[in-house]
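Colleague: I would like to learn how to read a model like this one, feature by feature. Shall we take it step by step?

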Amino acid sequence: MSDRYAVIGNPIAHSKSPWIHARFARQTGQDLEYGRIEAPLDGFAAAVDEFRAAGARGLNVTVPFKEQARRYSDRVSARAALVVNTLVFQDGVFGDNTDGVGLVRDLSVNLGVELKGRKVLLMGAGGAAQAVVGALLEAGVGRLVIANRTLARAQALAARFPGVTASGYAALDGPVDVAVNATSAGLAGKPPELPQGVLAKGTLAYDMVYGKETAFLAAARASGARGVDGSGMLVEQAAESFFLWRGVRPDTAPVLKELRAG
Ligand code: ATR
């Protein structure tokens, strides 16, 4: 029987992860099955218990279960101190987070953005933002400002990392080299309003949402910035999870190309 993996979340029907991991498996000749699990909102642990009992080897975890996945883990890596997106079922449950490295790899390798010494704005202070702060700092960004609608939440997150500052949106001054939208406002609602000049020509505006022209990207482009969606981060975080599970690093370029082509 093939080794079993899945992505767990709620909702989960539109997740691209099974599609991506099927391509990685074919490309690397790995014998695995990767499905999707929609757990009830109050049934994360029970669903994971059941999947493990059936012999599963690992899971990707998405909204809204990433904090619960950290609590479910017996051990977590440093980069998963706040939120877990990958579980490895081997000698108990190991929790890791591949989102931060996925974002940094997309920015630096796929998009050719030099992060060292750059001024970076991270918008949002929820799980999506928490997952990437450490990786941005490790990439050597010069200045990292976390802005959030609820200032106290940005302050609490910034306080965990030396040198990181917190701000409300209205108090930001620009321009920034890279602006990452990690709020959940992108899809339906209006994105946070930034003062004139924060997004400018020369800014890379990155929306973690993938496959959509969000209002944030439209606003960024209107300010002369380069706008990029989160497809690359999605594929890169998947590749890092695949590597954790299988010890083999897939080539992300053809998969990202195919994903973008729709
Ligand atoms: P996730 O795990 O996706 O990050 P979350 O923990 O609920 O989800 O966090 C959502 C983030 O989007 C928060 O930073 C939230 O701001 P608040 O902390 O002030 O709530 C942000 N957010 C959601 N809707 C928003 C909106 N309409 N305008 C600005 N920020 C918004």
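Colleague: Where does A154 lie?

Modeller: First, a caution: this is a predicted model. A154 lies in helix 7.

Colleague: Is A154 buried or exposed?

Modeller: Read the relative accessibility. Buried means under 20%. A154 is at 0%, so this residue counts as buried.

Colleague: Which residues does A154 touch, beyond those up to four places away in sequence?

Modeller: A125, I146, A147, N148, A166 and S167. L122 is 32 residues from A154 along the chain, and their C-alpha atoms are 9.7 Å apart.

Colleague: Now the ligand. Which residues are closest to the ligand?

Modeller: The shell has 14 residues, and A125, N148, R149, T150 and R153 are the closest. A125 and N148 are also among the contacts of A154.

Colleague: What is the make-up of that shell by class?

Modeller: It has 7 polar, 4 nonpolar and 3 charged residues.

Colleague: How far is a polar side-chain atom of R149 from an oxygen atom of the ligand?

Modeller: Look for N or O pairs within 3.5 Å. For R149 the distance is 2.9 Å. A polar side-chain atom of T150 is 2.5 Å from a ligand oxygen. For R153, a side-chain N or O atom lies 2.8 Å from an oxygen atom of the ligand. As for cover, the ligand on its own has 640 Å² of accessible area, and the protein covers 73% of that.

Colleague: What is L136 in contact with, leaving aside neighbours within four places in sequence?

Modeller: L103, V104, L107, V120, V141 and L144. L103, V104 and L107 belong to the buried residues of helix 4.

Colleague: Which other residues are buried in helix 4?

Modeller: D99, G100, V101, G102 and D106 are buried there as well. Then look for the cover. It includes helices 3, 6, 9 and 10, together with strands 10 and 11. After helix 4 comes G112, with a positive phi near 65 degrees.

Colleague: And H21, is it buried or exposed?

Modeller: Buried, because its relative accessibility is 0%. H21 sits in helix 1, residues 17-28. Its contacts, apart from neighbours within four places, are Y34, N60, A238, F242 and W245.

Colleague: What should I check in the backbone?

Modeller: Most peptide bonds are trans, and most residues other than glycine have a negative phi. Look for exceptions.

Colleague: Which peptide bonds are cis?

Modeller: The bond from V63 to P64 is cis, with omega near 5 degrees. P64 is in the loop between strand 3 and helix 3. The bond from G174 to P175 is also cis, with omega near -5 degrees. P175 is in the loop between strand 9 and strand 10.

Colleague: What is phi of D91?

Modeller: Near 50 degrees, which is positive in a residue other than glycine. D91 lies in the loop between strand 5 and strand 6. At 69% relative accessibility, D91 counts as exposed.

Note on methods: Residues numbered from 1 in each chain as written. Predicted model: local features only at pLDDT ≥ 70, side-chain atom pairs only at ≥ 80, totals over all residues. Heavy atoms only, no water. Contact = heavy atoms within 4.5 Å. Helix = DSSP H or I, 4+ residues; strand = E, 2+ residues; numbered from the N terminus. Buried < 20%, exposed > 50% of the residue type's maximum accessible area, 1.4 Å probe, protein only. Near = heavy atom within 4 Å. Polar contact = N/O pair within 3.5 Å; in protein donor to acceptor, adjacent residues only side chain to side chain. Areas by Shrake-Rupley, 256 points an atom, 1.4 Å probe, with all protein chains shown as cover. Nonpolar A, V, L, I, M, F, W, Y, C, P; charged D, E, K, R; others polar.
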